[in-house]
Amino acid sequence: MGDYIFSQNHLLGIDHLSDKDIDTILETAESFVEISTRDVKKVPALKGKTVVNLFFENSTRTRSSFEIAAKRLSADLINFNSSVSSLKKGESLRDTVLTLEAMNPNIIVIRHSASGSPLYLTTFAKSSIVNAGDGFHEHPTQALLDALTMKQVFKTIRGLRVAIVGDILHSRVARSNIILHSKMGNEVSIIGPPSLVPREFEKMGAKVHYNIEDGVKNADVVMMLRVQSERGAGNYFPSIREYRKHFAINRKVFKCAKKSAILMHPGPINRDVEIDNTLADSDKSYILQQVTNGIAVRMAVLYLLKGDFNEPIN
Amino acid sequence: MSLLIKNGLVIDPSTGKDSKLDILVEKGLIKKVSKKIEEKGVKKIIDAGKYVVSPGFVDMHVHLREPGQENKETIETGMLAAAKGGFTSIACMPNTIPVNDNRSVTEYIIARSHEVGVVNVFPVAAISVGLDGKDITEMADMKEGGAKGFSDDGKCVMSADLIRKALEYTKMLNVPIIEHPEDHSISGDGQVNEGFISYKYGLRGMLSAAEEVIVARDIILQERINSLLHLTHISTAGSIDLIRNAKKKGIRVTSDVTPHHLLLTEELITSYNPVYKMKPPLRTEEDRQALIKALNDGTVDAIASDHAPHTFDEKDSEFEYAPFGVIGLETSFNVVYDKLVRTGILSVSKMVELFSTNPARIMGLDRRGVIEPGAHGDLTVFDPEKTFKINNEKFVSKANNCPFNGWKGKGSIVYTITGGEIAYQA
């Protein structure tokens, strides 16, 4: 263990991390949490480094979170937003990235609707690549900030029961969380209509439930996912009315979880669709703390990839 | 005008030849096959003492892209690729621009192929006008113009009524309907095989069922109609079961598989490299084993490449945005010989059936796929011991989207002979 150093050049997904890597990111993030409570919310850790936010999908939350994280580490940051895909614009992703790299950034944070795009960038880009969400594949910083939130509440990130409810099929957040909690040895239940929760997910280490009360029973964490109608999820169940009846979380269903259980949601939430309005605002809800933790986790990731931590040790 | 191939191991399953023989080709036709043929007066002699001589290979499923997409491939470059890969005859699919759905396009392809001349090109024309699945094309006219089969390849005929009518109509033409079995309402905008890997890697899937429901539908229709039905690039164990049972019942159906479905599986897409993106998608190891088994028990009749050239830039992209398809003309024989014949899974004779005898028969190619006096002088000569290394920068095809790039092994084409002329020499 003494020889362990964070050895990743990129953050492509939770799948690529060891449990030790995850612990290291969380511990580093914990040390960064305090910075955001200071009067002067800035440390010089990444002074002189350049971070590019390369976003091919609409995103305010994640993009802003990375931007604030980079700035609190004193990195220079530029936003490159393109709601239309590079392909439709006529320039290939390779050309877009090579053009940006001609300006010598250190880290490229990419969000893209096509799964695997961050891995594709690593085949030719020189920068460190951070996956800020790729298609239905992974959203590793979200799973890490979720884990940090759980760790703050339960003082550990092991031995937990995590229930994830909703559109598993189209959710990169679900995938990253399932993989993370499997790696940490936690019990994961996934709950939703069968059309959105294929049985094959059990091979990733999750248990499938079609009944929400069974699925959240004795859970420490109930994580609700947004119904992603923009990804065509609407065809997978008959109506929001019926979905809400079977898969929304309300106080009655939430009572099936442990007394100490917490409610999480990666946002943006659809109030009174997947989540009962009053429960979302109750003291069981850690939704806003998740957002706050996003800054610390993204600071940790940027720092570990290009901070002094990775300068030659010997 | 005359060519003598001496002392090669001649393997022709259709006539039962499997011994060292001399073959004399004159005026484009095989004149004589026997133990010893006099060399006197022969213009060109090939010493095939270390080689195997097969009836010319036939690839019944390729895309030549011309007319319309000459940036991907042309009739000429595709034909040269075929010759290099040992193919003396290729059947080209109709999804050109414009679509080969009328006699003028059919005749253009044939005329252009005659100008190039190195191999035989047999156009497969469209089943439906514009490949739009609505109205059947002027099939009899196109057959007169040289079409050897009909297919809406890439787009499965989704209307059961239309495929019924196409099968019925072609009964009088005696040419095959070649179906690309894919229920588009199931496969949708799927990218890869649907299952654990597609779920884990976040790629939209195409269920095996998308292929199998069409295989089943067509077999059921064919049972009554008894036309000529060929199911192309079969990829699932379920399809194999359906075809095997149909054949057992005596239903007239034939099928082919590709080298990539025989040798690769869906695990490769975890690299998100679009060189592994094609339709049907790479499937599971269980499917792959079922395909291999089906080669030997006669369920699968032919190996075809589904040679689908795309430009480098088209394939150099996000997985989801890359077009479907891989090339295979220049590598099919190498990889199949090395991985399936040298390993003892297929006999050389079985391989020749799959590469020549059967596809020639299915496509109704008169006096091809056979070595006997009077047959066309189409011969493929290969060296079973000669090593190959696949290098996608050295293809004569315009494209390099080959999933076997870098593969090494033994078994190389040394001569491709079309109509008694040397089309390719290593």
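Which side chains meet in a salt bridge with an N to O distance of 2.5 Å? Arg94(A) and Asp316(B) do, where a salt bridge is a side-chain nitrogen of Lys or Arg within 4 Å of a carboxyl oxygen of Asp or Glu. This is a predicted model, so local features need pLDDT of at least 70 and side-chain atom pairs count only at pLDDT 80 or more, while totals for chains, interfaces and linings use all residues. Residues are numbered from 1 along each chain as written, chains are lettered from A and ligands numbered from 1 in written order, and side-chain values use heavy atoms, with hydrogens and water left out.

**Chain B against chain A**

- Contact (heavy atoms within 4.5 Å) takes in 17 residues of chain B and 26 of chain A.
- About 1,900 Å² is buried between the two chains, with carbon and sulfur atoms giving 59%; buried area is the accessible area (1.4 Å probe) that two parts lose on being put together, summed over both.
- Tyr199(B), Glu318(B) and Tyr321(B) supply 34% of what chain B buries here, more than any other three residues.
- The rule finds 2 salt bridges across this interface.
- There are also 8 residue pairs in polar contact, both residues at pLDDT 80 or more; that means a pair of N or O atoms within 3.5 Å, where within protein one must be able to donate a hydrogen and the other to accept it, and residues adjacent in sequence count only if both atoms are side-chain atoms.

**Two domains in chain B**

- Domain 1 covers 2-52 + 376-425 and domain 2 covers 56-362, with bounds from an automatic or database domain assignment.
- The buried area between them is about 3,300 Å², 67% of it from carbon and sulfur atoms.
- Lys398(B), Asn401(B) and Pro403(B) give 19% of domain 1's buried share, more than any other three residues.
- The rule finds 1 salt bridge across this interface, plus 19 residue pairs in polar contact (both at pLDDT 80 or more).

**Helix α1 of chain B**

- Helix α1(B), residues 75-84, has 7 of its 10 residues buried, meaning under 20% relative accessible area (1.4 Å probe, protein chains only).
- Those buried residues, including Ile75(B) and Met79(B), pack against β7, α2, β8, β17 and β18 of chain B.
- Just after the helix, Gly86(B) takes a positive phi of about 95°.

Conventions: Buried < 20%, exposed > 50% of the residue type's maximum accessible area, 1.4 Å probe, protein only. Helix = DSSP H or I, 4+ residues; strand = E, 2+ residues; numbered from the N terminus.
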